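The following dialogue takes up how to read selected features of a structure.

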Amino acid sequence: MEAYKTWVRRNRDYVHSLESIANGLTWLLPERFSTSEIGPEAVTAILGILTAINEHIIDTAPDERHTGSSDPSSFPYGLCISALKELETLVEVVAEQYYGDKKWNFIAVTEAIKVIVRLALFRNSGYKMLLHGGDTPNVEKDSEDTITQDRIGGFPKPGGRHGHGWLHNKHGQNPWNLEGRALSALSRFGENARTISNPVWMQRIQQQRAMEPPTSIIKRPTLSMIFSEKGVNGALFILGEVLFITRPLIYVLFIRKYGIRSWTPWFLSLAMDFIGIGFLSHVISGKGGREQQFRLSVSEKDEVKRRKLLWALYVMREPFFGKYTRQKLESTEKLLEPVPLIGTLTAKIVELLIGAQTRYTYMSGS
């Protein structure tokens, strides 16, 4: 196993190319959207799980700085979530073929497991925003905002250089007022004077100690800490993430109760997405005071954009798809059918879209 890990880490570009080609070819497998597609879906699930394992191996490389997965003793939440997402489609296909409409029971169980794992990851990460549903570790890699380098998921690290507030230096003074600047200047002057007075061998010892990795363990933020430091904005952020995590499960449970053709699950799911993004937009807008303001990293901002793009999937979900989208797709196919090559390509795309739409897992966005 160690030999395979070493090979994957040394040939990551080659592995990624092979995975992309293999995953692309699975869409061309025969009978993909027919009644006997268990085989093709099983192949797709296996390839997806292998891809997730390879990504986990690369992310946990000792020489990489992916701190979200660098601890070998920590539970591989991202790998577990990726494997569940790959298996979910296979579970849906098998359940539909053998149990018919009762497949929603199996899908609900799968979604419930994903919710449990994601909530555990959300808590274990110090209530950071989940990236790609937890597939990607939320690790700070951006240097454009120095404030975000000492925070955890939008909150200051306890014991970090910002202390109990982002706008306070290590001496407890506000660096933006005259008194704070004066104390900071005096402190720097004293440190420089102490450095000059120290002998060379003492400076070398201090440099060696500075180069040693820190051994102090940073305590993860708790709910009480978040609520006390961020107030209402902290509660809204937590609630927004919980809505994002639990929405797929609630959507499936309502489909199980009212049916796939009912508008109730569709509107409820859309409302939960709107409310969750609304909470998030409120807390990052700066309302509620500077102390309660959230600062998102670049990856977190991209995640917010990704979640908004997922709203486009609602036009591919029933009953909206059957009433509006399918008619538009079929009319476009007929319009472009006489055009050489383009008509054939359009027909294939429409066929794939209609086939994929029949699968909950392809259009769930979870």
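**Reading helices and backbone angles**

Q: Which residues of α10 are buried?

A: In this predicted model, the buried residues of α10 are Glu-300, Glu-303, Val-304 and Arg-307. An α-helix has 3.6 residues a turn, so residues three or four places apart point the same way.

Q: How many residues has helix α10, and what does it reach from its first C-alpha to its last?

A: Helix α10 (residues 298–309) has twelve residues and reaches 17 Å, close to the expected 16 Å.

Q: At what angle do the axes of helix α8 and helix α9 cross?

A: Two packed helices are described by the angle between their axes and the distance between the axes. The axes of α8 (residues 223–258) and α9 (residues 263–284) cross at roughly 170 degrees and come within 8 Å. Since angles over 145 degrees count as roughly antiparallel, α8 is roughly antiparallel to α9. The contact of α8 with α9 has 17 nonpolar, seven polar and two charged residues.

Q: Is Tyr-127 buried or exposed?

A: Tyr-127 is buried, at 9% relative accessibility. This residue, in the loop between α5 and β1, has a positive phi near 60 degrees without being a glycine. Leu-341, in the loop between α11 and α12, is likewise not a glycine and has a positive phi of about 65 degrees. Leu-341 is exposed, with a relative accessible area of 70%.

Q: Where does Pro-319 lie?

A: Pro-319 lies in the loop between α10 and α11. The peptide bond from Glu-318 to Pro-319 is cis, with omega near 5 degrees.

Methods. Residues numbered from 1 in each chain as written. Predicted model: local features only at pLDDT ≥ 70, side-chain atom pairs only at ≥ 80, totals over all residues. Heavy atoms only, no water. Axes fitted to C-alpha atoms, helices over the stretch in contact; angles between N-to-C directions. Helix = DSSP H or I, 4+ residues; strand = E, 2+ residues; numbered from the N terminus. Parallel < 35°, antiparallel > 145°, perpendicular 65-115°, else oblique. Nonpolar A, V, L, I, M, F, W, Y, C, P; charged D, E, K, R; others polar. Expected span 1.5 Å × (residues − 1). Buried < 20%, exposed > 50% of the residue type's maximum accessible area, 1.4 Å probe, protein only.
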